[in-house]
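Visitor: I am new to this structure. Please show it to me and take my questions one at a time.

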Amino acid sequence: MHEWIADNLRATAGTYQTCICAVPFLARKQGHVTVTCDPKNLEHILRTRFDNYPKGPTWQAVFHDLLGEGIFNSDGSTWLFQRKTAALEFTTKTLRQAMSRWVNTAIKLRFCPILEQSVVTGEAVDLQDLLLRLTFDNICGLAFGKDPHTLAPGLPENAFASAFDRATEASLQRFILPEVMWKLKKWLGLGMEVGLTRSLINIDHYMSSVIHARKEELNNNNPPHDSHDDLLSRFMKKKESYSDKFLSHVALNFILAGRDTSSVALTWFFWLLIQNPRVEDNIVREICAVLLSTRGDDPSAWLDEPLQSGELEPLVYLKAALSESLRLYPSVPQDSKHVISDDVLPDGTFVPAGSSITYSIYSAGRMRSTWGDDCMEFKPERWLSSDGKRFVMQDSYRFVSFNAGPRICLGKDLAYLQMKSVAASVLMRHRLTLVPGHKVEQKMSLTLFMKYGLKVDVHKRDLTAIIPSVKQQTHYSAMDEECVV
Ligand code: HEM
């Protein structure tokens with residue numbers, strides 16, 4: 001579907017209008033959809049006339065049962081208050097440290113051992129499934145301070161994770177039906193609505209017990225107050241009168257926002273590397289060069305512990321490769337906005353009040369007019385300064401994979417930190433190959449999952465061949481720098 005939309009947009013210079021409900025009156029309002037990926041239009045919708053383009057009533061109705069009026073599912077003052085509160089937290093160093101801690105613990109104790117095991121047994125793994133489990137564990141740790149260990153040997157079923165998955169899937173099904181239809185099904189208790197109600201009860205039980213336990217701990221100061229650095233505790237410490245329902249929605253909104261997005265991004269990234277060994281080699285060399293300077297020249301010390309944030313920071317080529325992967329395979333391939341009053345977009349398109357605008361993030365990353373003739377090539381170099389030493393972020397209305405404007409992704413920096421840690425831990429230890437015959441296809445969903453997962457064979461990486469040349473390279477660049485000084 002995303003390819004088809006991208007083709008349409010290429011043929012229409014970046015914007016077209018269509019009708020998804022050919023009923024005379026509705027066709028000019030609810031049924032009328034403007035599809036665009038033009039950077040000027042995106043800036044207009046996401047920033048310049050932000051107030052005219054909220055998420056809107058359809059989106060909110062569909063997700064209300066799962067997400068309430070949380071940050072992901074609200075507009076206006078309800079959204080603004082949560083955004084301001086959360087934005088303050090997201091700039092703190094402690095949240096970054098908390099993410100580092102959750103991700104590194106899961107990598108060291110569970111992710112790496114599972115991959116090692118796969119090398120020994122020769123059994124292929126579904127990397128997408130492993131990554132989904134890993135990021136679910138990380139985001140639960142960050143959101144409410146409890147790692148549910150869904151990533152563990154034997155890949156156990158987890159009641160909370162399954163209920164969350166079923167609830168998301170069932171909420172998405174609501175988009176397919178007119179609002180009256182799914183509301184009637186909910187009222188009569190039919191189809192997926194039954195499963196949704198049951199999943200919501202399970203989620204509610206789980207979240208209530210987490211919130212209850214945390215309130216007790218905070219009241220008794222046991223463990224001490226400041227040892228809780230999760231988002232839930234931070235909201236609780238701000239104001240004691242928040243209801244349990246509100247706190248539960250705060251946590252669930254963050255889980256939805258930060259879980260599938262990073263794992264899906266990493267899945268496409270590893271798939272692209274399998275096909276681009278040159279890029280993979282450059283990344284491994286970059287990591288080796290950093291570890292050579294921080295941990296000395298014994299490679300066994302490089303694998304003792306996951307990389308620390310000071311070691312991840314200089315990995316600019318890796319960040320470029322992750323960004324390039326997100327350009328071609330954005331985790332959220334399209335998004336939509338509701339039009340409050342009649343407006344004209346910068347490219348001259350008239351958008352009527354009551355209609356909606358779909359912006360194709362997938363297409364935005366694949367337009368020759370924006371990215372040049374090589375737009376379909378996987379080229380991390382386009383994100384680097386001419387000397388190759390600095391990462392250069394693109395204009396956020398051209399690269400919209402993290403959204404843009406006042407609703408830009410709050411977790412962007414945390415996501416890069418997490419993705420770099422995971423990528424480095426895999427690439428330093430392993431080479432991956434696609435299981436012969438495995439089909440890689442996109443799934444129709446809000447998030448760009450691979451329909452059949454990513455089945456890979458895991459091999460041990462031999463670093464001995466590249467270490468001498470990395471040492472030599474590092475030696476020469478040190479000499480260059482001395483000359484400059
Ligand atoms: C590669 C990883 C990620 C990508 C590609 C991504 C992308 C996005 C996108 C496209 C949106 C806008 C969605 C919309 O408004 O409909 C968004 C919003 C958001 N993201 Fe991310 N995200 C990522 C990781 C994360 C992580 C790890 C967190 C949390 C730790 C997070 C937290 C949020 C929040 C809270 C919002 C809502 C912002 C608002 O509406 O004001 N994201 N993200």
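Visitor: Which residues come nearest to the ligand?
Guide: This is a predicted model. There are 23 residues around the ligand. Of these, the ones that come nearest are Ala257, Gly258, Thr261, Cys409 and Gly411.

Visitor: Which elements give two or more residues to the shell around the ligand?
Guide: Elements here are helices and strands, numbered from the N terminus. Those that give two or more residues to the shell are helix 12 (244-258), helix 13 (260-275) and helix 20 (412-429).

Visitor: How many residues of that shell are nonpolar?
Guide: The shell divides into three classes. Three of its residues are charged and seven are polar. The nonpolar ones number 13.

Visitor: Is Cys409 buried, exposed or partly exposed?
Guide: Cys409 has 18 C-beta neighbours inside 10 Å. Buried needs 20 or more, and exposed needs 12 or fewer. The count for Cys409 lies in between, so Cys409 is partly exposed.

Visitor: How many helices and strands does the protein chain have, and what is its radius of gyration?
Guide: The protein chain holds 21 helices and nine strands. For 485 residues the globule rule gives 23 Å. The chain comes close to that, so it is as compact as a globular protein of that length. Its radius of gyration is 23 Å.

Technical notes. Residues are numbered from 1 along each chain as its sequence is written. This is a predicted model: local features need pLDDT of at least 70, side-chain atom pairs count only at pLDDT 80 or more; totals for chains, interfaces and linings use all residues. A residue is near a molecule or strand if its C-beta atom, placed from the backbone, lies within 6 Å of it. Helices (H or I, at least four residues) and strands (E, at least two) are DSSP runs, numbered from the N terminus. Ala, Val, Leu, Ile, Met, Phe, Trp, Tyr, Cys and Pro count as nonpolar, Asp, Glu, Lys and Arg as charged, and the others, Gly among them, as polar. The radius of gyration is taken over C-alpha atoms; the globule rule is 2.2 Å times the number of residues to the power 0.38.
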